[in-house]
Amino acid sequence: MERLTPDDGIFRDEDALRDHFPDRILERDDKLAEYQSRFKEVVRNKRPRNVFVYGPTGVGKTIGTKAVFQNLERSIEAFDYEASRFDEPSLRTVHLECKDLNTSYQVAAHLLNRLRSATNRDRVSTTGYPEGEIYRMLFEELRQVDTSHVLIALDEIDNIGGDDNILYKLPRCNNDNSAAYVDPAATKVGVVGITNDGTFRESLDPRAKSTLCDQEIHFPPYDAVELETIVEDRAAVAFHDDVLSQDVVPLTAALAAQRSGYARTALDLLYEAADNARSADDARVTENHVKTAEESIQQGAIVEEIRGLSTHGTLVAYAMLRLSEGEELPAKIDKIYAWYKQFAEQVDVDPVTSRTIHNTLNDLMVNGTVTSEEVNKGRSGGRHYEYELGCRAEILLDGLEGDSRIGPVDGRL
Ligand SMILES: Nc1ncnc2c1ncn2[C@@H]1O[C@H](COP(=O)(O)OP(=O)(O)O)[C@@H](O)[C@H]1O
Ligand SMILES: [Mg+2]
């Protein structure tokens, strides 16, 4: 084996493409201004409002929240309160990742420890207390905090699912009809709930919803032009000069916009393309590296999707595979359903309705596993849809391999 050396002809600093707080948040000025304006009360030394932030993954919700919090602190520092009619507020901000916290209890305990970390007070164990005791300690801690304001961001809060007590109690703790009352004269509390899950808001307890979702901020996906600006900025740090062919960044942005519109998608794609160029000892990253990387990422996503399908979904994917091998595609839903039903019976599963299978096919179109086309049969025949495989059959086979549910009807699996 040759020795590995740190020298690298492609990357100057690949960390610039990874998840981190970037030097500049681009293409989000209006959104961040709107977001920050919801905290106007804080700089006026009034009670803050609660904010609910939603949008898909990788569109800047986390970094946007951190930036808004940071800018609020700076705004307070920069303003001359003495010369004004306002008392100077003092602000403590907490950003808590709730990705691995799946109960309100866990969130409350971790939050308590974060608040205590500043004062070096004892941490509490995150298990074992009665739930009421954890809340009692949390609200006591909030009363004792030495700042006038505390803003708490609960990121990816949807992980708590239906166990959403904390989202009722915390956002209303300054209301005097609350059992967990925190006197705003002692501490004014504002809560930001952040989620990637578009359905979470609707699943909230109505009481939690009305307090937490007082104000809402939606982070939409980026378009290709916006992604290009973001990627360009990061690429300037990540790569040596003149390593990227001219069309690499626009192509990366266009493909990522098509697939998702997430900055994360675009940065990952560029990293993958450049990493492939480096492995092949190529001096430059070209459009072809990007195209190949996009294809392999998409294929990986399809294999993952198929492995995660329900029994019926798996049977639909298998029906599509066999139809493709029999050169029966594109096919109408009726035909796909007939094949699905036959396999369901073979593996002893009660078939679901053709309507459900229709929805499954639509789900499989999101990652491009399946595609559809409207077919126009002229005046008499009317219009209908036909479905086709959107990926190579081997990729489907790869995803189905080792599936114990279909294995018995197909020796290859
Ligand atoms: N507007 C932007 N400007 C620069 N980088 C961005 C922007 N939006 C997202 N990113 C980058 O994309 C990644 C994901 O952003 P993040 O805020 O974690 O997304 P979310 O919380 O919405 O899932 C981070 O690496 C971040 O640096
Ligand atoms: Mg996030």
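Helix α12 passes helix α17 in a right-handed crossing; a crossing is right-handed if the near helix is turned clockwise from the far one by less than a right angle, and left-handed if anticlockwise. The model is predicted: local features need pLDDT of at least 70, side-chain atom pairs count only at pLDDT 80 or more, and totals for chains, interfaces and linings use all residues. Residues are numbered from 1 along each chain as its sequence is written, while chains are lettered from A and ligands numbered from 1 in the order in which they are written.

The axes of α12 (residues 287–307) and α17 (residues 393–400) come within 8 Å and cross at roughly 40°. Axes are lines fitted to C-alpha atoms over the stretch in contact, with angles from 0 to 180 degrees between N-to-C directions. Helices are DSSP runs of H or I, at least four residues, numbered from the N terminus.

Contact means C-beta atoms, placed from the backbone, within 7 Å.

| Helix | Contact residues |
|---|---|
| α12 | Gln299, Ile302, Val303, Ile306, Arg307 |
| α17 | Ile395, Leu396, Asp398, Gly399, Leu400 |

By class, this contact has six nonpolar, two polar and two charged residues.

Now the ligand. 18 residues surround ligand 1, and the closest are Gly60, Lys61, Thr62, Ile63 and Ala263. The shell takes residues with a C-beta atom, placed from the backbone, within 6 Å. Helices α3 (61–78) and α11 (263–279) each give two or more residues. The largest share, three residues, comes from α3. Domain 1 (28–218) and domain 2 (222–304) both contribute, so ligand 1 lies between them.

Technical notes. Domains from an automatic or database assignment. Contact = placed C-beta atoms within 7 Å. Nonpolar A, V, L, I, M, F, W, Y, C, P; charged D, E, K, R; others polar.
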